[in-house]
Each structure stands twice: as structure tokens, then as C-alpha cells.
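Thanks for making time this morning. I would like to walk through one model with you, going from the overall fold to the charged pairs.

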Amino acid sequence: MLMLSGVQHFVFCPRQWALIHMDQQWAENALTTEGNILHQKVDDPSARQHNNDRITLRSVRIASATLGLKGLTDAVELIPTEDTSNSIAHPKYSGRFMPRPVEYKRGHRKTDECDTMQLVCQVMCLEEMHNITIGQADLFYWEVRRRENVAITDGLREKAEFYAHEMHRVMKSETLPHAAFSPKCKRCSLCDICMPQLNQLKPVNTYLNDNLYEETT
């Protein structure tokens, strides 16, 4: 199985994901360091929090055979429910609960789907493990101190399944995806390893044709 945390990397940039998970390359920058520090506050599996009638579990182990993914959640809220057919029990607490994953992120809401897809994959893992359907989950952004609700639609599930299968396809191919230079490369800690700017350069034969060889008629 592949690591669920890699979904965010793959959606952000398949090449970044491959460098990390296939070539075991890694480098820190200010953004990754800050993210690691912030996650230390939530990644404690022994910590449980009661907020009114909700119970928050930390670092819950989850997996999906369908997606071929496994990993840990940042947090899962257990929300009491009267629905006995679409709910779970917990050995330490009485009653029935609807689990609601909460994924913590360093910055603010993204323009792409990397955070959302990671969260949806968490939902799908929990759904498969407990044979339930989860309709809501949340992203919490530290920079703005705000929770963003995500309605888990069939469309999002289909996208998450597509990305998961693509991750396995790339892993099986043992070939690094092509480097495509874009503005988001500036935020990537692996930019100096990936060197996407090289793809902007002209091929050698093009340079020679343009600068050394005379055209023949």
C-alpha cells in the first residue's frame, strides 16, 4: 500500500510525489518546517478531546484496500447520532457516532484540490473500514484559524479514486513524471533537486541549428 499522506503531493505535482516516494528525496524549506511544527500539536495518538458532545481522536490509523492507501489522520471527530445503521461504536465511549475527519494545514485555502483530495481519501478509508457513508469533513487552516467544510460528493470520491490509481500506475512504471515548470515550483522544497527550469532550455540540436549552422537552399 502507498502512504495516504502522499495524495496531497501527487495532486500538487506528480513529479514531487515521485521524487519523495520513489527516489526517497527530501529537502526542507520554511514552509515544510513550519508545517511540521504545527502538526506536532495535533499528531498525538494518546490525546483525546471532549468538546461539548463531540470526542476528538488524534492520529487514527486508517487504510483502504480499494484505494491501496494507508496512513494516519490528523483528527477524527466522533459526533453522536441516533442513526444505528450508518454509524460506528467506540470501545471507550457509549452510544453511536458519525466520524468526521479533520485535516490540519499550515497556510490557507488552496486554488487546487491537493488538500481536498487528501481529506476525501481519508473519508473513503473510514467508509470502507466501517461500511458507512460519511457526508462531511473539514480542513483547518492555521494561517487564518478557520475550518473549511467539505461536502463529500460522489464526484469527489471518483476524483480521489482516480488519483489513487494514478499513484499506483506511476509507482509501477518506475519512471519519474516529466518536470513541468510553473509558478508553484517556487513553493516546492524539492525545486533544486527537480530542476524544472531545465525543461525551459532549448535542446542542443536546436541551439546549434539556430546559432552555428547556416541554412542551405
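In the protein chain, 60% of the contacts with a separation of 6 or more come from residues 24 or more positions apart, where contact means heavy atoms within 4.5 Å. This is a predicted model, in which local features need pLDDT of at least 70 and side-chain atom pairs count only at pLDDT 80 or more, while totals for chains, interfaces and linings use all residues. Residues are numbered from 1 along each chain as its sequence is written, and side-chain values use heavy atoms, with hydrogens and water left out.

Of the 217 residues of the chain, 43% count as buried; buried means under 20% relative accessible area, exposed over 50%, and partly exposed in between, with a 1.4 Å probe and protein chains only.

The chain has seven helices and 10 strands, taken as DSSP runs numbered from the N terminus, with helices being H or I of at least four residues and strands E of at least two. Three of the strands form an open sheet in the order S1-S5-S4, with mixed pairing, and two strands pair if DSSP finds at least two bridges between them. At the edges are S1 (2-3) and S4 (61-64), each of which pairs on one side only. S4 and S5 (residues 69-72) run antiparallel and are joined by four bridges, and Arg61 has Leu72 in S5 as its bridge partner. Lying across S4 and S5 is helix H4 (residues 114-130), at about 85° to S4, an angle on a scale from 0 to 180 degrees between N-to-C directions, with axes fitted to C-alpha atoms, for helices over the stretch in contact.

Turning to charge, there are 11 salt bridges, each a side-chain nitrogen of Lys or Arg within 4 Å of a carboxyl oxygen of Asp or Glu. In one of them, Asp138 pairs with Arg100, the closest N and O atoms being 2.6 Å apart. That pair links distant parts of the chain, since Asp138 is in strand S9 (residues 136-141) and Arg100 in strand S8 (residues 93-105), 38 residues apart. Asp138 counts as buried because its relative accessibility is 3%, and Arg100 does so because its value is 16%. Both belong to a network of salt bridges that also links Arg54, Glu77 and Arg147.

Which residue forms a salt bridge with Glu127? Arg157 does, with the closest N and O atoms 2.7 Å apart, and both residues are buried.
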